[in-house]
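Please look over the structure shown here with its charged side chains and its strand pairing in mind. The briefing that follows takes these topics in turn.

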Amino acid sequence: MAEDTAPRCACRWSSIVTEPLRTLIVDDEPLAVERLQIVCAGLENLSIAGTANDGAAALRLIDALSPDLLLLDMTMPELDGLSVARALARKDKAPAIVFVTAHDNFAVEAFDLDAVDYVLKPVSPDRLDRAIQRVLARRSGKAVEADEWLREFWVPHRSELLRIAASDVKQIDAERDYVRLHTDNGSFLLLQTIAGLEERLDPEQFIRIHRSTILRRNHIKGLRHEGLGVWCVETEDGDALRIGRTYLSNVKKMAGR
């Protein structure tokens, strides 16, 4: 969904030597399970502990097998992947979760539930291996305290998801049920309403100036009065963006007026 001009992720993951991750595959399509087993068989850092074809069976097997990792499909009948992740969030000790799905529009909810990665089907060995390295890196690293505010975005791009730091986002524009994130390296579409996103952004870093626009505060160069009560924001890029009347008092308060 991102523009074609967006850069490809060129990062390399160094191999982390450890015991293989005992892995549970959860998918309601037998062919998808078989394909994932074949991909997993070629990876050194994991072993298959079992498979499940629905969310309820997955939770039972997790209790019985205590796997290290869950390769979890998103859309399943009755208990879907997000519901499984929510149930595991209440457990003291739960496996790491990597979502493996054909749908790119659940990424925000997935990472809100502390998923380690979000892999789009069809799954390549290289892409799954990068996800496994992320799991291993998290297991070997120090625990990170939960943050109240959104610090990163994961946006669909071709066959994978790109990580965009919130600090790299200059402007956010509403486009119906989507938002467009503007950075110095291009713009990216994310399935999320601007109102819902605003609630999860740090108000010390971002400010809404219009029903369709949120700006990063340090991207604002100044305010300009156009007359007749109309004000505009001047951005560091030289753009003049009109401030909605509903948001004017808050923007002025930011400027100490």
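Asp73 counts as buried, at 4% relative accessibility (buried means under 20% relative accessible area, exposed over 50%, and partly exposed in between, with a 1.4 Å probe and protein chains only). This is a predicted model, in which local features need pLDDT of at least 70 and side-chain atom pairs count only at pLDDT 80 or more, while totals for chains, interfaces and linings use all residues. Residues are numbered from 1 along each chain as its sequence is written, and side-chain values use heavy atoms, with hydrogens and water left out.

**Salt bridges**

- The structure holds 16 salt bridges, a salt bridge being a side-chain nitrogen of Lys or Arg within 4 Å of a carboxyl oxygen of Asp or Glu.
- One of them joins the side chains of Asp73 and Lys121, at 3.6 Å from N to O. Because Asp73 lies in the loop between β3 (69-72) and α3, and Lys121 in the loop between β5 (117-120) and α5 (125-140), this pair ties together parts that are 48 residues apart in sequence. Helices (H or I, at least four residues) and strands (E, at least two) are DSSP runs, numbered from the N terminus.
- Lys121 counts as partly exposed, with 27% relative accessibility.
- Arg138 forms a salt bridge with Asp114, and their closest N and O atoms are 3.3 Å apart. Arg138 lies in helix α5 and Asp114 in the loop between α4 (107-112) and β5, so the pair ties together parts that are 24 residues apart in sequence.
- Arg138 is partly exposed, at 40% relative accessibility.
- Lys91 is partly exposed at 33% relative accessibility, whereas Asp63 is exposed, with a relative accessible area of 53%.

**The three-stranded sheet**

- Three strands form an open, antiparallel sheet in the order β13-β14-β15, where two strands pair if DSSP finds at least two bridges between them.
- The edge strands, β13 (220-227) and β15 (240-242), each pair on one side only.
- β13 pairs with strand β14 (residues 230-235) in the antiparallel sense over six bridges, and Leu223 stands opposite Val233 in β14.
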